[in-house]
Amino acid sequence: VRQLLAEGHRVRALIPPEDDAGHLSDLKFERVPGEFSSIDALRVGAAGAHVIFHSGAAPRSWYHDKDTWRRVNMIGTKTLVTIAHRAKVERIVMVGGMEVAMRLPTPYGRTRFQAMEAAFQSNFEGFHKEMEILAVHPGVLVGPRDRRPSEFGRLLIDILEGRSGWLPRGGLPLVDVEDAARNAVLTARRGCPGAEYNLVGE
């Protein structure tokens with residue numbers, strides 16, 4: 001949201017009811033309250049938009065309802081693509097992650113990849129030929145405004161404060177959150193339809 005506004009774009013964002021979006025309180029953009037599963041909210045969000053950044057997903061690995069990943073990541077994505085096409089959206093940028101880029105067999109990685117592949121396939125087969133779909137896969141995000149904090153942010157805090165912590169052998173694909181945002185917007189402008197772009201640092 002910050003990067004898009006900084007580049008002069010008008011922004012509309014879907015904000016779930018449980019998220020007060022306090023970290024965005026200093027920004028002026030249109031808020032659409034609602035869940036990703038709400039067809040009405042998706043229609044409001046897509047109306048008049050040129051580009052949609054689709055980052056809505058069920059990433060957690062501890063959902064009690066195992067159907068959540070399929071319902072949100074797969075069916076939810078299919079619904080969004082259909083609504084966006086009817087609203088004459090020009091491009092959808094699907095925001096995945098390293099689990100998706102590496103095709104990891106986790107519930108999130110598997111269902112998110114299948115959703116992405118289905119969206120690409122519908123694009124190639126002409127079902128949504130007037131709309132272009134591409135994907136970006138940010139690495140492990142680090143940087144300002146990690147408000148919860150994230151799992152990796154909490155790990156860094158634990159290490160810095162002397163509590164136990166661990167890092168996997170071989171390193172992690174880190175990326176500055178502001179670099180990732182800039183490159184996601186750049187991909188929306190210049191990326192090739194059907195392509196996937198990994199957004200990682202060194």
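The largest share of the nonpolar patch, three residues, comes from helix 6, residues 151–160, where helices (H or I, at least four residues) and strands (E, at least two) are DSSP runs numbered from the N terminus. The patch covers about 530 Å² and is made by Leu 156, Ile 159, Leu 160, Leu 167, Leu 172 and Leu 174. Patches here are made of residues with over 30% relative accessible area and no salt bridge, like charges being joined within 9 Å and nonpolar side chains (Val, Leu, Ile, Met, Phe, Trp, Tyr) within 5 Å. A salt bridge, in turn, is a side-chain nitrogen of Lys or Arg within 4 Å of a carboxyl oxygen of Asp or Glu, and accessible areas come from the Shrake-Rupley method with a 1.4 Å probe, only the protein chains shown counting as cover for residues.

Before I go on, please keep in mind that this is a predicted model, in which local features need pLDDT of at least 70 and side-chain atom pairs count only at pLDDT 80 or more, while totals for chains, interfaces and linings use all residues. Residues are numbered from 1 along each chain as its sequence is written, and side-chain values use heavy atoms, with hydrogens and water left out.

Staying with helix 6, Leu 156 is found in this helix and is partly exposed, with a relative accessible area of 35%; buried means under 20% relative accessible area, exposed over 50%, and partly exposed in between, with a 1.4 Å probe and protein chains only. The buried residues of the helix are Phe 152, Gly 153, Leu 155 and Asp 158, and these pack against strand 6 (140–142) and strand 7 (174–176), contact being heavy atoms within 4.5 Å. Just after helix 6, Gly 162 takes a positive phi of about 85°.

Four strands form an open sheet in the order 3-4-5-8, with parallel pairing, two strands being paired if DSSP finds at least two bridges between them. Strand 3 (51–54) and strand 8 (196–199) stand at the edges, each with a single partner strand, so one side of each is left without a neighbour in the sheet. From one strand to the next, the twist averages 20°, and helix 7 (residues 177–190) packs on the sheet, touching strand 3, strand 4, strand 5 and strand 8, with its direction at about 145° to that of strand 4. For these angles, axes are lines fitted to C-alpha atoms, for helices over the stretch in contact, and the angles run from 0 to 180 degrees between N-to-C directions.

How is strand 4 placed, enclosed or open to the outside? Five of its five residues are buried, so strand 4 is largely enclosed by the rest of the structure: Arg 91, Val 93 and Val 95 lie on one side, Ile 92 and Met 94 on the other. Strand 3, by contrast, has a covered face, Ile 52 and His 54, and an uncovered one, Val 51 and Phe 53. Four bridges join strand 3 to strand 4 in the parallel sense, and the partner of Ile 52 in strand 4 is Ile 92. Strand 4 (residues 91–95) also pairs in parallel with strand 5 (residues 132–138), over five bridges, among them Arg 91 with Glu 132 and Val 95 with Val 136.

Two loop residues deserve a look for their backbone angles. Lys 88, in the loop between helix 3 (68–86) and strand 4, has a phi near 60°, a positive value in a residue other than glycine, and at 69% relative accessibility it counts as exposed. Arg 103, in the loop between helix 4 (98–101) and helix 5 (107–124), also is not a glycine and has a positive phi of about 55°, but Arg 103 is partly exposed, with a relative accessible area of 37%.

Finally, Phe 29 lies in the loop between strand 1 (12–15) and strand 2 (30–33), and at 11% relative accessibility it counts as buried. Leaving aside neighbours within four places in sequence, Phe 29 is in contact with Val 1, Leu 5, Val 11, Ala 13, Ile 15 and Leu 24. The C-alpha atoms of Phe 29 and Arg 10, 19 residues apart along the chain, are separated by 7.0 Å.
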